[in-house]
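Here's a quick briefing to read with the model open beside you.

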Amino acid sequence: MKLLVCVKRVVDYNVKIRVKPDGSGVELANIKMSMNPFDEIAVEEAVRLKEQGKATEIVAVSIGPQQAGETIRTALAMGADRGILVKTDATVEPLAVAKILAKVVEQEKPDLIILGKQAIDDDSNQTGQMLAALLGWPQGTFAFKVAMGEGSIDVTREVDGGLQTVGLKLPAIVTTDLRLNEPRYASLPNIMKAKKKPLDETSPETLGVDVAPRLKVVKTVEPGGRKAGVKVGSVAELVSKLKVEAGVL
Amino acid sequence: MTTLLIAEHDNAQLKDSTHKALSAAAALGAPVHVLVAGSNARAAAEAASKLAGVEKVLLADAAPYEHQLAEPTAALIVSLAGSYDALVAPATSKGKNVMPRVAALLDVMQVSDIIKVVSPDTFERPIYAGNAIQTVQATDAKKVITVRTAAFPAAAEGGSAAIEAVNAAEDSGLSSFKGEEIAKSERPELTSARIIISGGRSLGSSENFTKYLEPIADSLGAAMGASRAAVDAGYAPNDWQVGQTGKVVAPDLYIAVGISGAIQHLAGMKDSKVIVAINKDEEAPIFQVADYGLVGDLFTILPELKDELTRAGQ
């Protein structure tokens, strides 16, 4: 069984982002970039499936600038077998990402595709569902647990109020939630080995996908701030203020 | 020019997130129809027909929609989409699951998690865990939108829309429902509660959540929440998590107990009307967003708070 995992290069989750003063976007120059954390969970799950003997090959795909190749190398160091970089310097929206991935799927014919549920930069939470739609495949989003069967997969999903389990016929799409697993750190020998693993390059043009944006970004601003309030000295003062001043009790 | 709002419901009851998403749908300025896709969901459709501003309710009542799985539900919405200029759903786990599938089938780029309708094609949405707000203009002829419900008021009752049955779309049979574990609780749901009390890792154990937080939640009729750290430590269930990767809430009163205030947590609660922080570290970032801060040991403060609330008649 062949697995495809999709990884995105994003601003590292520890970086406090800054909005450009002219409102044109977020400061990205000289900022630490990393693999989207939900995608790390996707790679980890794929590697575990391979270690359990349930998968034979893992292909990691990323769409982005040349440096997105480094993100693929991280996936290779974690245990993916080879990579495909779809190189573009353009901003690619989830719909176009899904179209590019659908083309890659046509060529690679994987049985299961694992993606992060959302990227922590644009927070769209769309790509996996869109890819499933374009391929006509079933989807198990926000995965908490996956159990591989014969020609099918059971995905336990994090939903409002608890968990829901769905059975999907393969081929299928899974998107990962936080608690599916804890991704491993790549060891130094594996990082060295990853440098020798194959990494192919292609482009949206070669794949015949139009990536022109459908959403026009008008402006990007800082969120409205909240001011610190007062410190109260005692529980009694707190309750009295909540009752009288704030009127919420 | 009509908008179709996808209702959030459990067949028996219409969820509050529908009321809130209706306010966003109405702000698009066109008449609003509501789709209730379910099984034996007449009651939910009737509740939707009573909401002010709803022109018509479409009821698709068929077995494949019982759990509103993405594949059959998206196919249904797409079969109806021709008559609508905008398709709107609350950004609940169901809405987030189904709508991008709909958008891709229609070749539309979805606008996720809107917090404001600037004009019928222009919206504000948070990016980078709410650390920036982007205004985007959707250029596709049809709009597919999910709504961050905490950002919109609940639409009132007072309508009497007609309910029209619509045919089920074909079900591909690619997915099936296998089971669910939904926590049964007398408490209000996190996303619609008026008061929320949340605990952090400083509570130290799930027993302490029960012993110290629960009595206060009981006396306030509050929902209980938790920080990601507390959930990861196993002190509280997953679906209690408030934050960018959990639930985004905006109650009248949010009480954060032993929560330091990581960016990812603040992104989930900073729109609450009144925020109270109880923490022993007076430098904790949570105090920078709190209206009322109390510095001290939570194991001393919480029992006192319980007594004080009892005295105050809460």
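Setting aside neighbours within four places in sequence, A:Ala98 is in contact with A:Thr127, A:Met130, A:Leu131 and A:Leu134. Keep in mind that this is a predicted model. The points below cover that residue, then chain A as a whole, then a few pieces of chain B.

**Around A:Ala98**

- You'll find A:Ala98 in helix 3 of chain A, which spans residues 94–108.
- Is A:Ala98 buried or exposed? It counts as buried, because its relative accessibility is 0% and the cut-off for buried is under 20%.
- A:Gly208 sits 110 residues away from A:Ala98 along the chain, and the C-alpha atoms of the two are separated by 13 Å.

**Chain A overall**

- Chain A has 7 helices and 13 strands.
- Its C-alpha atoms fill a box of roughly 65 × 45 × 40 Å along the principal axes.
- Chain A has 249 residues, and 53% of them count as buried.
- If you take the contacts in chain A with a separation of 6 or more, 69% of them come from residues 24 or more positions apart.
- The accessible surface of chain A is about 10900 Å², and carbon and sulfur atoms make up 51% of that.
- On the charge side, chain A carries 34 positive and 32 negative charges, and their mean positions are 2 Å apart.

**Strands in chain B**

- Strand 2 (residues 32–38) and strand 3 (residues 54–61) of chain B run parallel to each other, paired over 7 bridges.
- What do strand 2, helix 2 and strand 3 of chain B make together? They form a right-handed β-α-β unit, with helix 2 covering residues 42–49.
- Strand 3 of chain B also pairs in the parallel sense with strand 10 (residues 162–165), this time over 4 bridges.
- In chain B, B:Leu58 stands opposite B:Glu164 of strand 10.

**Helix 1 of chain B**

- Helix 1 of chain B (residues 16–26) is mostly covered, with 9 of its 11 residues buried.
- Among those buried residues are B:His19, B:Lys20, B:Leu22 and B:Ala25.
- What do the buried residues of helix 1 of chain B pack against? Their partners in chain B are strand 1 (3–6), strand 2, strand 3, strand 4 (86–90), strand 6 (116–119) and strand 9 (143–147).

Notes. Residues numbered from 1 in each chain as written. Chains lettered and ligands numbered in written order. Predicted model: local features only at pLDDT ≥ 70, side-chain atom pairs only at ≥ 80, totals over all residues. Heavy atoms only, no water. Helix = DSSP H or I, 4+ residues; strand = E, 2+ residues; numbered from the N terminus. Buried < 20%, exposed > 50% of the residue type's maximum accessible area, 1.4 Å probe, protein only. Contact = heavy atoms within 4.5 Å. Areas by Shrake-Rupley, 256 points an atom, 1.4 Å probe, with all protein chains shown as cover. Lys, Arg positive; Asp, Glu negative; His and termini not counted. Charge placed at Lys NZ, Arg CZ, Asp CG, Glu CD. Pairing = 2+ DSSP bridges. Right-handed = clockwise from strand over helix to strand, strands pointing away.
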